Each structure stands twice: as structure tokens, then as C-alpha cells.
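Have a look at the model, then go through the points in order.

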Amino acid sequence: MRILVTIKTALRALRRNKMRSVLTALGIIIGVGAVITMVGIGNGAKAQIEAQIASLGQNVILIFSGSVTRTGVHSGHGGAGTLTVEDAEAMRREIPGVMAVSPELRSAAQVAAGNQNWLPQILGEGPDYFDIRQWPLVEGSPFTPLDVRGATKVAVIGKTTAQQLYGDESPIGQIVRIKNVPFTIVGLLSSKGLSVMGSDQDDVLVVPYTSAMKRVLGTTTLRSIMVQAADAKLLPVVQQQITELLRQRHRIQPGRDDDFTVRGQQDIAEMATAQSKTMTILLGAIASVSLIVGGIGIMNIMLVSVTERTREIGIRMAVGAHANDILLQFLTEAITLSSIGGVIGIAMGVGASKIISLSLDWPTLIPVVWVVVAFLFSAAVGIFFGFYPARKASKLDPIDALRYE
Amino acid sequence: MNAVIKLDDIRKTYHTGEVDVQAVRKVSLEIHPGEFVAIMGASGSGKSTLMNILGCLDRPTGGRYSLDGIDVSQLSTDELADIRNQKIGFVFQGFNLLSRTSALENVELPMLYARQHMHSYELREKALHALGVVSLTDRADHHPSQLSGGQQQRVAIARALVNQPALVLADEPTGNLDSRTSVEIMGVFQQLNDRGITIVMVTHEPDIARFTKRSVVMSDGHVVSDTPVTDRLFAGPELERLHSLLDPALQTQ
Ligand SMILES: Nc1ncnc2c1ncn2[C@@H]1O[C@H](COP(=O)(O)OP(=O)(O)OP(=O)(O)O)[C@@H](O)[C@H]1O
Ligand SMILES: [Mg+2]
């Protein structure tokens, strides 16, 4: 029951010094606000990246030309490729866990339709590409194995490219000139949005890889091969078998580096999330530091307050207050300051996340557990930094305190 | 009757820097229930030091102090706080009220730290009653800064009375007051004493000491005389006398 009275006394003291209380709590407000905002942005980014990774397709393995060597040099990537169509065929034929394969080429090229010019990504792919990436068409149909065999001049167009070249008109049946070679558009892809790396996945023209090799790029090697494993459990085995197969086909001596790079979907996901994780940790550290600074601010003001109110402490002790009553009174002041700061900080953090969300079109996500943790943490800051001043107050001698001027 | 206060060879030495100050040396004293004692003496003779020991605000460096039969020197800090809360009402020369807190709340303060819990209406009732004893009910909501010195001292007395202690200790309660207000305060003390409350009061004004029943004189930390008051004054008639002295002065204005 004495506790209730003590809490009431503490709240009154804070109300009496409103301005000072607010300024003291400001450190905690900013600290908690920063933590919540960071967590919101970090989690939002993570969720977005995860969605993008999933949009890559299911159980996908990518094999790139060239390799990251021991010296860290990425050789042969793009330029003179080391992967061939035969490699892709061999994978499909010889590795049982492989469900689908799509040889890939990629290039940015000038395209024209009527008097419209544009610079989309040109993708040379196999007919399985749309299945592997789970990328349905909204209009028309994809190209077929027959188109691949005949290196037919047909193309499937992405939403953005279609919009740029034809506006709201249907692109199906239209002619698009890629490096002056006329292609007929047979299909329109559904929208996939931004990629993990932030590029527009809908700004593409997808053509049979044979057509890309012969008619657009004039090359005989591939940039990469996209493989879909039959089952997620098979991914490590298939990755291993691909490596063995390619080393054998490329006649690479044991102990020498691969001239290709195999990346599972998980590897790509890890690379992408590692970056955002580092960000979150860094910003979290900054936020923690500001919380500590806020705590020191509380300690500072509480010490000043104890000194200022030495006489009050003496009077309370003279009429019968125990050391613990005084301790609790000042501790309550500190905890109240820090937890009110915490609540305001949480509100501001949520608000800031919402604003960022709306203005930058960046998703934010604040898990409830973080809100609870932030609140408990701010209260803990109050206990930790308020304890020393409160203890100092409770250790005062009544006579000395009463004599204090 | 058993003594309320029993001091045996009480000593208090302050260690400050090079020299030790022996503020109180070997004081032995008994005060019985219902007594009204004035402690007199020159400045620096150790009156306040003794008073703080009596009030359990300070501990003696030597000797034995029994309050109501309890050996106080054996008690813990918290037990002393409880004694201050329950058995003693202390009135300071400088009032020592909480500023920015109403008279009523100042009087409620000792009850907040009482062992047994009281409801807020109970607190209010008791505090108002105590303010009634010092005739200050109408100023219950005023803050100390809105009260005169005499009124502040009466609030302090009400605070000392609110837990119904058997002993009231006052260190120069009239030290900051004019003579008329001092007599009013002595009137309050005489009323309380008539109800059986034991009062020990420090003063260096002989006129004020005449309102008490017994006068103890200190010098250099010793008790040098301890005599009953023979020419006792009473606040009622004394106030009337002061009034009649003032009246003609008013009429000539
Ligand atoms: N906290 C202290 N530290 C050191 N010396 C002290 C302390 N308090 C009092 N003294 C010394 O003890 C002696 C007695 O002081 P005390 O305050 O008891 O005197 P007093 O009789 O109340 O005087 P006054 O009438 O002026 O109030 C003085 O010499 C004083 O200097
Ligand atoms: Mg004194």
C-alpha cells in the first residue's frame, strides 16, 4: 500500500517539472523510436527480399559461365562463355534429379517498334523458362521447342517493355526489331515487379536461346544455365552432380578451379539477406547506443534532482520514511520517465515507419514482440540508470539532509 | 511513573577535520509523562544536538537513551524511522514544510509512512482534525509560501501531532516568530500539554521558557541547572494583555 503512495508521489514530482521530464525522456524517445523504425525497415526489407527470392521460381539452381577463383577474380563471366548448349543437354540427360533446364543468354539491346525506341533486357531462354520461374502469360502463348530448334524470330514481351513500345495496345502479333532483326511477339508476360537487386523484371523481351545466339548476339556459348530440381531435398545432390558433370565435360584436372559457378536458390537468398542483416545489426547498434545515452541523461537528471531535493528527502525521513521508501520514490521517477519515453518512442517509431512506407514505397513490418521488447528495455534502462541516484538518496542521513542548504 | 525519556551519560562528539567538538558531554536526564520542559542555554551549548538525539534523528556517540522503556541505541535505521513516525512529533525552527505542497498534504505526510494503511478520506479527516487543533482549518489548501511564519509553524505542529505521539519535541519553535505569534504558539503547546502530551522545547528566550513547567539550562554540553518554573505564564491572559497594549495604539492612529 505504501508503494501506491510512493508511485503517486513520484508522478507528482514529474508533473511539477514537465519541461525537464520531457527533455529527460527525449533521449529514450529518440532511442526507442530509432530502434522501432530500424526494425520496421529491416523486417520489411527482409520480407520483400524473401518474396523476390520465391519469385525466382522453385528449387532453382543457376550455373554461370566463369568462376570466382581463389584470388577472387571473376573470370570469363559474360564475355567468352564456358558453358555450351551441349552442357545443358547433358544435364537434362544424365542427372536424374533435374526436372527442367533452360540455357540462358542475356543482353541489353536497342529495340524498335514503329517509331518507338527502347532498351530492354533481351533474354535468350528455353521454352521451360516460364515454368521454372512460375511466370504465367496474360496473353498469347510461349514459344515452343520447335521455335528453339528452328531459331524462329518470335518473342515474349514483359509488361514494362510492352507499355513503352505499344502503350495500351495489345502487343500480340506486333513486330519488334531487335538490332534491326524483326521478331513477332507471341506472348505477354504477367507482371513480376522488382528483382532482388532492384531492377525491373518486367522490362524484358524473351526469345528462344537459339534465336538469341544466331540472330542477335552472334555467339556460340551461354551466359548461364537455369536448372530446376525435382525436389527441394535433391538440391544439394543435384548441385554436386552438376559440378562433377561439368568438370568432366570441361576436362578440368583435379585441384584446378572450376570454370563455372553453381549457385542454389538458397545461396542467392543468403547473399541478398546478408546485406540487409548487416544493415539491421548496424542500425540496431546505433539505436542501442542512443538508448544508453538516453539512460545516462536520466541518471544525470535524477542525480540533480536528488541534490535539489535533499531537504525534501530529509523531511520525509524525519517524519518516518524508510530508506526503501525513498529508494522506491526516486526509482519510480526514473522508471516512469524511461517507460513513458519508451511508449512515446514506440509511437514515433511506428509513425516514422508508416511515413517511410508511404513516401518511399518501401514496405515496413514491426513485429509485436519487438514493441514489447522495446518497452521492457526502456523500463530496464530506467531501473539500471535510476538505481544509483535513488540509492544515493536513500542513503542520506536525515540530519545531514535537513541541514542541507 | 516510568520516564518517557531517560538519558544516561549521553555524549555526542563531532569529528570535523583536526578538532573534535564535544557538543554534548555526559548529560543525564529524566522526563516524565505530562511534563513541559524548556531547554535553555547560550548559542553553541549543545541544545539542538541533544534535541536531535532525543528525536531519534541522530545517534549519540556514547551513553544510553531509553524512550518509553526502549533502548534506542540498539535500533536499526528503519526502526528509528518508525519511532519518529509513531512516538515523536518534531517541530523545527525552520518549519521544514514541503514547499509546493498544500498545508493539508504536509500534515498528511507522516501518515503516508505509517505502518498501517489509511484510506485517503481517512488521511484527510485526520489531517483536517490536526489543523483544527492549531486553528488553521481554513488554510488547508494553501501552500507554505502563501502562509505567514506563525501559520507555517502551526502547520508544522499539526504535522507533528497527526500520528498522535505521546511526545512532542520542538527546537526553537518560536525562533523565527514575533512575540505575539510566539505567545500564540505557546498557547497551542499549553493546550496540548493539558491533554497529557509531553513536550520538550528548546528556546533561548527566558520569557518563552516561562510558559513551560520546568527549565533545564545547558552550557558547553553540560546541564548546569534544572529547576521547576515558578512564575509560570499562561497564553490566554498573556494574549489579552498584549491586545490591550496594542489597542490604545490603534485608537490613536
Ligand atoms: N554537524 C556538525 N558538525 C560539527 N560540529 C557541529 C555540528 N553541529 C553542531 N556542531 C557543534 O556542536 C556545538 C553545539 O551545537 P548546537 O547546534 O547543538 O548548539 P545550539 O545550542 O543548538 O546553538 P543555537 O542556540 O545557536 O542553535 C557547536 O559548537 C557546533 O559548532
Ligand atoms: Mg540550535
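1. Start in chain B, where α5(B) passes α6(B) in a right-handed crossing. (A crossing is right-handed if the near helix is turned clockwise from the far one by less than a right angle, and left-handed if anticlockwise.) Helices here are DSSP runs of H or I with at least four residues, strands are runs of E with at least two, and both are numbered from the N terminus. The two helices cover residues 149-161 and 179-194 of chain B, and their axes come within 10 Å and cross at roughly 15 degrees. The axes are lines fitted to C-alpha atoms, for helices over the stretch in contact, with angles from 0 to 180 degrees between N-to-C directions. α5(B) and α6(B) are therefore roughly parallel; the cut-offs are under 35 degrees for roughly parallel, over 145 for roughly antiparallel, 65 to 115 for roughly perpendicular, and oblique for the rest.

2. Who touches whom there? On the α5(B) side, B:Gly150, B:Gln153, B:Arg154, B:Ile157 and B:Leu161 take part, meeting residues of α6(B) that include B:Ile185, B:Val188 and B:Phe189. Contact means heavy atoms within 4.5 Å. The contact residues of this pair split into six nonpolar, three polar and two charged. (Nonpolar covers Ala, Val, Leu, Ile, Met, Phe, Trp, Tyr, Cys and Pro; charged covers Asp, Glu, Lys and Arg; the others, Gly among them, are polar.)

3. A word on how to read all this: the model is predicted, local features need pLDDT of at least 70 and side-chain atom pairs pLDDT 80 or more, while totals for chains, interfaces and linings use all residues. Residues are numbered from 1 along each chain as its sequence is written, chains are lettered from A and ligands numbered from 1 in the order written, and side-chain values use heavy atoms, leaving out hydrogens and water.

4. Over in chain A, look at α11(A), residues 323-360, and α12(A), residues 368-394: their axes come within 7 Å and cross at roughly 150 degrees. That is why α11(A) and α12(A) count as roughly antiparallel. Their crossing is right-handed, and the contact residues are 17 nonpolar, seven polar and one charged.

5. α12(A) has another partner, α2(A) (residues 18-55), at about 155 degrees with the axes 11 Å apart. So this pair is roughly antiparallel too. Among the residues in contact are A:Val32 and A:Val35 of α2(A), and A:Trp370 and A:Ala374 of α12(A). This contact has nine nonpolar residues, one polar and no charged.

6. Now the two chains together: 22 residues of chain A contact 24 of chain B. About 2200 Å² is buried between them, 55% of it on carbon and sulfur atoms. (Buried area is the accessible area, with a 1.4 Å probe, that two parts lose on being put together, summed over both.) A:Ile315, A:Val319 and A:His322 supply 25% of what chain A buries against chain B, more than any other three residues.

7. How many salt bridges are there between chain A and chain B? The count is one: A:Arg12 with B:Glu105, the closest N and O atoms being 2.4 Å apart.

Definitions and conventions: A salt bridge is a side-chain nitrogen of Lys or Arg within 4 Å of a carboxyl oxygen of Asp or Glu.
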